[in-house]
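Please open the model in a viewer and keep the selection panel at hand. The stops below follow one after another.

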Amino acid sequence: MLKLSGSNLSGHEVVRAIRQGKTFSLDTKQLEKAAKARELVLRLLDEGSPVYGINTGFGKLADTSISPASVAELQRNLILSHSCGVGEPFSGEVVKTMIILRANALMKGHSGIRPEVIRLLVELVNQNVIPVVPSQGSVGASGDLVPLAHMSAVLIGEGEAYYRDQRLPGAKALERAGLAPVQLEAKEGLALINGTQAMTAQAVLTLYDSEILLKTSDVASSLTMEALHGIPDSLDERVHALRAHRGQMLVASNLRRLLSGSDLVYGRTHPRIQDAYSLRCIPQVHGATRDAYSYVEQVINTEINSVTDNPILFPEDGQVISAGNFHGQPVALALDFLGIALAELGNISERRIERLVNPQLSGLPPFLTRESGLNSGYMIVQYTAAALVSENKVLAHPASVDSIPTSANQEDHVSMGSIAARKLGSILANVQNIAAIEILCACQALEFSDRSRMAPATRAVYDLVRSAVPPLEGDRFLEPEIKAVRDLVVSGQILKAAAGQVGQVD
């Protein structure tokens with residue numbers, strides 16, 4: 001069970017909890033603090049002074065007063081009117097993550113929502129009631145209004161949700177799970193949807209899977225180094241200490257350990273003076289992506305423990321402040337940065353794939369098949385990698401450089417962070433496939449070497465791949481084989497096989 005307190009939550013522990021089917025609970029003492037903010041909302045209502053989103057309209061309608069008799073209807077109307085998303089629904093794990101991250105933010109105690117509403121949010125996940133949330137419609141400022149409204153609609157018995165894999169009306173899904181809908185009161189609808197949890201939910205899942213990919217890319221490149229008899233001088237610890245970027249030094253250390261004991265790399269005289277950049281600069285390129293990853297992880301872990309709605313309540317001094325913590329710019333910029341960094345990881349991997357299959361560069365049989373001409377071998381898998389790399393060049397264009405005014409120009413600058421998050425997921429999937437193709441080609445290239453001279457770590461990976469994909473003797477249907485290796489990449493099994501020999505891959 002993972003306890004939410006509004007503080008010290010990491011994205012990785014949320015992902016692990018959701019993927020392992022753990023339940024979530026709320027910190028009792030912190031829930032009492034959230035109740036204090038609710039008391040302030042009630043006092044403000046009694047005083048009758050205009051407070052945004054409590055007794056006024058929203059956005060451009062902020063100057064419209066709402067009567068005390070209508071404040072509950074206002075919150076319901078907010079959820080219904082903002083539930084206007086389009087496109088394919090988010091996956092169940094994205095929606096579950098979104099719910100948990102929103103609950104964690106509300107636990108900070110500055111949103112003015114009743115504890116029972118936060119409890120119901122968490123019970124959606126615990127009881128496996130998954131709101132249907134369309135993936136398109138957020139511009140990433142004023143929070144992820146549209147997707148969070150779809151999420152929240154189920155709380156009031158509206159919208160749709162999956163329960164035990166059956167898509168049902170929201171009220172019916174709650175009923176089947178033994179839950180009852182709530183009637184939202186003043187400020188609560190706004191507190192539910194004024195946040196960045198659609199973009200950050202996607203972010204924490206992508207970060208988790210990206211970490212596996214980053215380390216697996218080091219493993220893939222070590223296989224390629226062996227297959228192409230790479231020159232190990234470029235991994236010398238002294239070289240990287242002179243530049244001292246953390247990621248670069250980390251990757252160089254990984255490759256030295258992964259290749260330790262390899263006579264294909266260390267036990268030979270190399271006829272070349274230098275390798276091409278895609279081999280020689282692995283630590284510099286992979287390392288820069290590592291550093292970008294570390295920065296983005298820090299941004300996201302800060303964001304998921306932050307108050308991101310408006311207005312913000314300060315129950316200790318009775319104040320309420322309208323500000324802009326809902327603006328997704330910090331997240332949007334970070335996710336665009338990671339998208340660029342992952343795209344570059346795929347870019348250099350594709351160049352290594354080309355070196356493996358091109359006989360003019362590799363010294364190996366053309367396209368890694370003994371009877372080339374009759375057989376095309378791995379000629380076209382490089383095309384697939386090239387297509388994915390080129391697609392990533394489009395996807396890596398930053399979403400955050402765009403903005404478009406909304407709400408009659410009241411909300412005149414937006415982040416497009418949710419779009420950055422969706423693009424990042426596509427880039428990640430493409431690079432996972434590119435890494436799988438590199439591993440497939442490197443293992444085939446090693447069919448033409450003395451595999452008894454491989455390093456223990458790379459040999460363990462080779463054996464794992466060969467348990468799923470046999471050596472290529474003649475042309476055959478390749479799509480399932482790429483998928484099989486991709487599954488080994490995504491599940492972390494490639495990484496685990498290597499780590500079993502070197503302790504761990506950092």
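**Cysteines**

Select C441 and C443: the closest cysteine sulfur to that of C441 belongs to C443, and at 9.5 Å it is too far away for a bond. A disulfide is taken to be a pair of cysteine sulfur atoms within 2.5 Å, and by this rule the count comes to zero disulfides. C441 has a relative accessible area of 0% and is therefore buried. Buried stands for under 20% relative accessible area, exposed for over 50%, and partly exposed for what lies in between (1.4 Å probe, protein chains only).

The model is predicted: local features need pLDDT of at least 70, side-chain atom pairs count only at pLDDT 80 or more, and totals for chains, interfaces and linings use all residues. Residues are numbered from 1 along each chain as its sequence is written, and side-chain values use heavy atoms, with hydrogens and water left out.

**Helix α4**

Next, select residues 92–106, helix α4. Helices (H or I, at least four residues) and strands (E, at least two) are DSSP runs numbered from the N terminus. The expected span of a helix is 1.5 Å times one less than its number of residues; for the 15 residues of α4 this gives 21 Å, which agrees with the 21 Å between its end C-alpha atoms. Because 13 of its 15 residues are buried, α4 is largely enclosed by the rest of the structure.

Y162 stands opposite R167 in β7. Two residues lie between the strands of this hairpin, and R164 takes a positive phi near 50 degrees.

**Two loop residues**

Select I231, in the loop between α9 (197–227) and α10 (237–241). I231 is buried, at 9% relative accessible area.

Then select H397, in the loop between α16 (379–395) and α17 (417–445). H397 counts as exposed, at 52% relative accessibility. From H397 to Y462 the C-alpha distance is 36 Å, with 65 residues' separation in sequence.

**Helices α11 and α13**

Finally, which angle do the axes of α11 and α13 make where they cross? Select residues 246–258 (α11) and 282–303 (α13): the axes come within 7 Å and cross at roughly 125 degrees. Axes are lines fitted to C-alpha atoms, for helices over the stretch in contact, with angles from 0 to 180 degrees between N-to-C directions. α11 is thus oblique to α13, given that angles under 35 degrees count as roughly parallel, over 145 as roughly antiparallel, 65 to 115 as roughly perpendicular and the rest as oblique.

Terms used: Pairing = 2+ DSSP bridges.
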